[in-house]
Amino acid sequence: VIVSSHPTRARTGQYLVLLAYILFLGFPLLWMLSVSFKGPRELVELYPSFIPADPTLENYRIALTENELVRSAVNSLKVATITALLTTAIGLPAAYVLARRRGLISRLGLGWILLSQMFPLILIIVPLFLLLRDLKLTDSHAGLILVYMVWALPFILWMLQSYVRGIPRDLEEAATVDGATRFQILVGIIAPLLAPGVVVTTLFAFITAWNEFFFALVILQTPELTTLPLKLAQFVGIEGIVRLGPLAASALLATAPSLILFTIIQRWLTRGLLSGAVKG
Amino acid sequence: VSAIQGTGSRLFPRGNRSRAGAGLSATEALVLLIPALLPIVILSVAPLIRGIYLGFTNARAGLDVPTNFIGLDNFRVLLKDDLFINSFKIGLIWAVSVTAIQFVLSLGLAILLSQQLRGRWLARSLALVPWAMPAVVVGIMWKLFFQPQAGVLNEILRRGHLPGENLDWLSSFQWALPAVIFVGVWAGMPQTTVALLAGLQSIQDDLHEAAAVDGATAWQRFRTITLPQLRPVIIAITSLDFIWNFNSFGLVYVLTEGGPAGKTQLPMLFAYNQAFKYGEFGYASALGNAMVVVIAGALVFYLWGRLREASS
C-alpha cells in the first residue's frame, strides 16, 4: 500500500525490518527449544551454544515421568474441556439475543462485556473466594470451572454474537415466510451456519482455560488438583534455576496443545473478534 | 441474493411475531438469556459489587472473623503506604511503557504485513504465537533468555564484547523493570498487531493511489491518510492494552515475583499478596478500588487528549 520513491532501496529496508521482527518474535522460542535438548552438563557451561552440542531427549523423559506433569495435564484437560463446553452452551442462546435484538438488554449486555474488562481481577476474586468457601467449593475443580466460566463469558459472548451477526437476517425471515417455527429456524438454519464459529469459540475458551494461572493459584491448594500453569510456576520456584532443561521441556509440552489448537483456529478467530469492531 | 430477499421481505407485510430474530418477544429473549444471565449476576456482578464494598471494610481471611464497615479508613492507610505508592508507580510505568512500545512495534509490523513481502507468513504466524502461550510459559521462556550463565542474552553480550555480560538481569535493581517491560511487549504483540492489521486492511487503496498520483511521499500519505483512518482502532486497542497491562499478573509473577525488593511489584501482585498471603481481604479490595480509579482516570485523560487532537 505504501510505496516509496526509491522502490528497491525501500524494499530492502522492509525486508531487513521484517527479519528483525522475525528474530525478535521467534528467537526466544528457538532458545527454549534449544535448552530443552541440552544435557545438564552443557547447561552449566559458561559459553552456551545455540545448537546443542550433544542433543538429548532426557529432559522430556524427566518432564513426563517426574514432577507429576502428566497428572496436572489431565487436570487441565478436564477443567478446560468442561469450561469450554459449558461456556459455549450457556453463551450461545444469549449471544443470539445480543446479536438479533436491539434494545436495552443488548446494550446492557455489550456494555457489561466491555466494562468487565476494566475491573482488576482482585476485586472479583476476593468475594468469589468467599462465596466458593461458603459453598465448600474452594480447592476443587468444580469451583475453578465456575470461576472460569464467568471469566470467559464476556469474550465468548462477544465472539459468538459477532458470528451470529454474520448470518444474514434475511435467511431467517425467508424461513419464517415459509412457515418455519422459531425452533426449526434455530436448529435447521442458524445452527449449521454457526457451527464453524461455535467450534472456534469453544476451542478458544479451551485455550484460555488451559493457559489460565491467577484463578488456579488462588483457588487450588491440594497438589493432586493443580493445573499445568500452576505446576510449572511451582517448578520455577522450587528447582527451576537448577534444572533448566526439564523446565524448558515441561514448558514446551504444556504449550503444545494450545499452540496446535490456536494454529487451527487463528484465521477464524481474528475474523470473529474484529468483524464487528473494525467495520464499526 | 440478499438484495432479492430484501425486496421480497418488504413485499410481504408481516406481524411482529414473524420477523425472525428481530422480532424475538421479550419472553423469548429472556428465556434465551437466562442461562448466561444467572451465572453472570451471581458469580460476576454480585461479587464485583461486594468486592467494591469490601474495600470499605476490615474483612480478613479466616472463618468467623467479624467484618465491619470502616468507611474510608483503608484508603487513608493506603495513601500513607509506601509499598502501595511504589507499586502503583511501577504499575503506571509498566503499563504506559508496555502499551506505547507495543503500539509502535505492532504498527510497524502490521504495516509490513500488509505489504506483498515474501516470508511475511512467518512473521505473521510468529506474531500470533504469544497469544496461544500460557503467561507462565512466556515467563519461563524469558527467564531462560535472561538467565545469567546459561542464558542467551549474556552470551550474545560476551561474544560482542558488550557491557553487562555478567549481569543477572531479573535480579538487578536497575534492569529488572526494563527487562520485564521488554517481555510484556513481546507477550502483548498479537492482539495489537491483529487489530491494527485489520484496521489497515479496511482503509481503501484508492485513497493512497490518488495521493500517490498527486505526488505525496510515503511518509505524507502515512500521516494524512493512514493515521487518521486508523484513529478509532488505535484508540480502542491502546486503551484495552493499557487496561490489560495495568491488571497484569501471571507474567511478572513468574519472572520476578515482584522482586528485587519490590522493583517490579505491579499493583496486582501487591494486591494478591495482601489478600492471599496476609489475608487482608478488605485492604486488598481497597487496592482493587484504587486500581479502578487509576485506570478510569488514565483512560479519561487519554481519551480527552485524543478527542481534542481529533477536533483541532
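How many salt bridges does the rule count over all chains? The count comes to nine, where a salt bridge is a side-chain nitrogen of Lys or Arg within 4 Å of a carboxyl oxygen of Asp or Glu.

Before I go through some of them, please keep in mind that this is a predicted model, in which local features need pLDDT of at least 70 and side-chain atom pairs count only at pLDDT 80 or more, while totals for chains, interfaces and linings use all residues. Side-chain values use heavy atoms, with hydrogens and water left out, and residues are numbered from 1 along each chain as its sequence is written.

Over residues 276-280 of chain A, however, pLDDT stays under 50, and where pLDDT is low, the predicted coordinates should not be read in detail.

Turning to the pairs, Lys231(A) and Glu68(A) form a salt bridge whose closest N and O atoms are 3.9 Å apart, and this pair links parts of the chain 163 residues apart. Lys231(A) counts as buried at 12% relative accessibility, since buried means under 20% relative accessible area, exposed over 50%, and partly exposed in between, with a 1.4 Å probe and protein chains only; Glu68(A), at 43%, is partly exposed. Together with Arg71(A), these two residues are linked in a network of salt bridges.

Arg100(A) and Glu172(A) also meet in a salt bridge, at 2.7 Å from N to O. Here Arg100(A) is buried at 4%, and Glu172(A) is buried at 0%.

Definitions and conventions: Chains are lettered from A and ligands numbered from 1 in the order in which they are written. pLDDT is the predictor's confidence in each residue, from 0 to 100. Contact means heavy atoms within 4.5 Å. Helices (H or I, at least four residues) and strands (E, at least two) are DSSP runs, numbered from the N terminus.
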